[in-house]
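Please read them with the structure open.

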Amino acid sequence: MATPQHDLPLDPDGDLGGNLDLTDPATMECPYGLYRALHDRDVRTLAVAGVGHWVGRMADVRDVATDTARFSNQYFGDDIRPTGVSGLPVEDDVAAIFDAGPRVRKALWMTDPPVHSLHRALVNRAFTPRRVAALEPVIRRIAHDAIDRFAERGSVEFMSEYAIVIPMTVIADALGVSRDMLYTFKRWCDDILAGNLDVLDHQRRRQVATSFVEYCEYFADVVADRRATPRDDMISAIANAEVDGQRMDLAEVLAATETLLLAGNETTKNLIGNAMLMLLEHPSQLAEVRADPDLVPNMLEEVLRYEGPVQCLYRLVTGDTEIAGTPVQAGSMVMLGWGSAGRDPSVFDDPDRFDIHRSNAREHVNFGFGPHFCIGAPLARAEARIAFEVLFERLGPIRLAPGASTAHVPTFATRGLQRLDLDFEHS
Ligand code: HEM
C-alpha cells in the first residue's frame, strides 16, 4: 500500500488551528499520509478537536510515556465504567446498569506509581518466562486445530477463523474461561474495548454497560473459585499473588483481568492479520520468510513498527505544563501516537518502506514505553511467531481471494482489518 498524500489544513504559520479531525474516514482507513505530513513539517504537537493534544514524534512519545507525574493513566474515575471518551454525562439508565454489577476499581493500566508499581509486581507473577514458555506447545496445538477446521476448504476468513482464535483461546484458557464461552467472551471484549477507546452514543453505551456487567459477574465467580482452590493458571496467580503482604481486592482483580483481556486479544489478532496482509502485498518478502522461518521474528517487529495494532492511547495532563513548547492545560488529554512514532524518519530510514530485514525495527514503541510497557509482549510475540510457523508448515501458496476487501476497522486508536478473505493451496 503506497503512503497517500495528506493535505493538512495548515495556515501560513504552520498552525493547524485545532482543525484536525481524526474521525475522517479516509484518515482512519490510512493514517500514514497524515503522519508523514506531520513529520515532514516537524509538527510536534497538534490540537485535535474534541480530544486533546496529539504527540507523534518518537522522542516526545517516549518522554510523555515516561513522565507519569505530569501525564497520568488515571483518566477514568476511581470506579471503572467504560462509557466512551466523549466526556458527555452518563445517562441514568446506563448508570443503573453499572450500579447493579460488581464494583471494579481501577488497577494496573489505569493507575500511576506507586499503586501501579505494586499491581505490576503482582501481575508479573502471572507472566513469568516459565509460564510463557510452557504455553508454547499449547499455542502450537491451538494453531493446528484452527487450521484443521478450514484446511480442506482451500479458503479462509483469516481474521475470525485464525488470527483471533489463537490469542482468544490462549487468554481464555489462562484465565480459566471455558472454551464454550469463547464467542461470548469475544463480544464482552469488543464492547468493553469500544467503551475505553471510542465515542459512544446512548444505545451503544447501554450495550457496553451490559457486556461489562456480564463480564464482571462471570469473573467474580472465577476469582472466588481460584481463591478457594488455586490452580496452576494465570487467574489463580493474579488473585492470590502477594507482594509485601499486599494483594489485590476483588474490584482490582476484576480490573486487572479486564486489562489482560482487552490488551491481549484484538492487539495480537491485528498483529497476525496485519502481518499477513503486509506479506501478501510484498510477495518477494513473503517468499523469503516462507523459505526461512527464522526471519519471522524480525518480520513481526517490522509489522509492529510499520502497521502496528495500537496507533494511539491517552494520558491525562495533571497540571498546567508544556510539551515541546506548546502549553497544555491540566485536565486535558494527550494522545500518544505509538503508530506515528514508528514512522519517525529521525529513527527509521525511509520509514514508509516495509522491510523485514530492517535492523532497528525493534525500536518501535507499539508495545508502549516506560512503566506501562506491555506486560504481554513476550506472549504476543510467541503467539504471532507460532501462528506463522504453523501456517507456513501447513498451507501452500496463499493469496487474497478474488474481490477480497482489505478495509480496516474504522477507528483511529487501533489498526486492524475488518476481514481478510484468503485462498490457499495445499502444501
Ligand atoms: C501485538 C500485541 C500487543 C500490543 C501491540 C500491545 C500493546 C500495548 C501497549 C501499547 C501498552 C501500553 C499501554 C500504555 O502505555 O498505556 C500495553 C500494555 C499492556 N499490555 Fe499489551 N499489547 C499486546 C499484547 C498483549 C498481550 C498478549 C497481553 C496479555 C495477555 C497484554 C497485556 C498488557 C497489559 C496487562 C498492559 C498494561 C501494563 C501496565 O499498565 O503496566 N498485551 N500493551
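The points below go from the overall fold to single residues.

1. **Ground rules.** This is a predicted model: local features need pLDDT of at least 70, side-chain atom pairs count only at pLDDT 80 or more, and totals for chains, interfaces and linings use all residues. Residues are numbered from 1 along each chain as its sequence is written.

2. **Overall fold.** The chain has 16 helices and 10 strands. Helices (H or I, at least four residues) and strands (E, at least two) are DSSP runs, numbered from the N terminus. The radius of gyration is 21 Å, close to the 22 Å that the globule rule gives for 427 residues, so the chain is as compact as a globular protein of that length. That radius is taken over C-alpha atoms, and the rule is 2.2 Å times the number of residues to the power 0.38. Along the principal axes, the C-alpha atoms fill a box of roughly 65 × 55 × 40 Å.

3. Of the 427 residues, 44% count as buried. A residue is buried if 20 or more other C-beta atoms lie within 10 Å of its own, exposed if 12 or fewer, and partly exposed in between; C-beta atoms are placed from the backbone. Among contacts with a separation of 6 or more, 77% are between residues 24 or more positions apart. Two residues are in contact if their C-beta atoms, placed from the backbone, lie within 7 Å.

4. **Ligand shell.** There are 27 residues around the ligand, and G264, T267, G368, C374 and G376 come nearest. A residue is near a molecule if its C-beta atom, placed from the backbone, lies within 6 Å of it. Which helix gives the largest share of the shell? Helix 12 does, with 7 residues. Helix 8 (165-174), helix 12 (250-281) and helix 16 (377-394) are the elements that give two or more residues. By class, the shell has 17 nonpolar, 9 polar and 1 charged residues. Here Ala, Val, Leu, Ile, Met, Phe, Trp, Tyr, Cys and Pro count as nonpolar, Asp, Glu, Lys and Arg as charged, and the others, Gly among them, as polar.

5. An open antiparallel sheet has 3 strands in the order 4-10-9. Strand 4 and strand 9 stand at the edges with a single partner strand each, so one side of each is left without a neighbour in the sheet. Neighbouring strands are turned by 30 degrees against each other on average, direction ignored. These angles use axes fitted to C-alpha atoms, for helices over the stretch in contact; angles run from 0 to 180 degrees between N-to-C directions. Strand 4 (155-157) joins strand 10 (421-426) through 3 bridges. Strand 9 (395-400) joins strand 10 through 4 bridges. Strands pair if DSSP finds at least two bridges between them. L422 in strand 10 stands opposite V156 and also opposite L400. S155 has D423 as its bridge partner.

6. A second open sheet has 5 strands in the order 1-2-8-5-3, with mixed pairing. Strand 1 (45-48) and strand 3 (71-72) are its edges, each with a single partner strand, so one side of each has no neighbour in the sheet. Strand 3 pairs with strand 5 (313-317) in the antiparallel sense over 2 bridges. There, S72 stands opposite L316. Helix 3 (58-66) lies across strand 2 (52-55), strand 3, strand 5 and strand 8 (333-336), at about 125 degrees to strand 8.

7. **I235.** This residue is in helix 11 (234-240). I235 is buried, with 24 other C-beta atoms within 10 Å. Beyond its neighbours within four places in sequence, I235 contacts L175, G176, V222, V223, R226 and T257.

8. **Backbone points to check.** Most residues other than glycine have a negative phi, and most peptide bonds are trans. D42 has a positive phi of about 55 degrees, and L108 has one of about 50 degrees. Are these two buried or exposed? D42 is exposed, with 10 C-beta neighbours inside 10 Å, whereas L108 is buried, with 25. D42 is in the loop between helix 2 (32-40) and strand 1. L108 is in the loop between helix 4 and helix 5. P113 and P114 are joined by a cis peptide bond, with omega about 5 degrees. P114 lies in the loop between helix 4 (92-99) and helix 5 (115-124).
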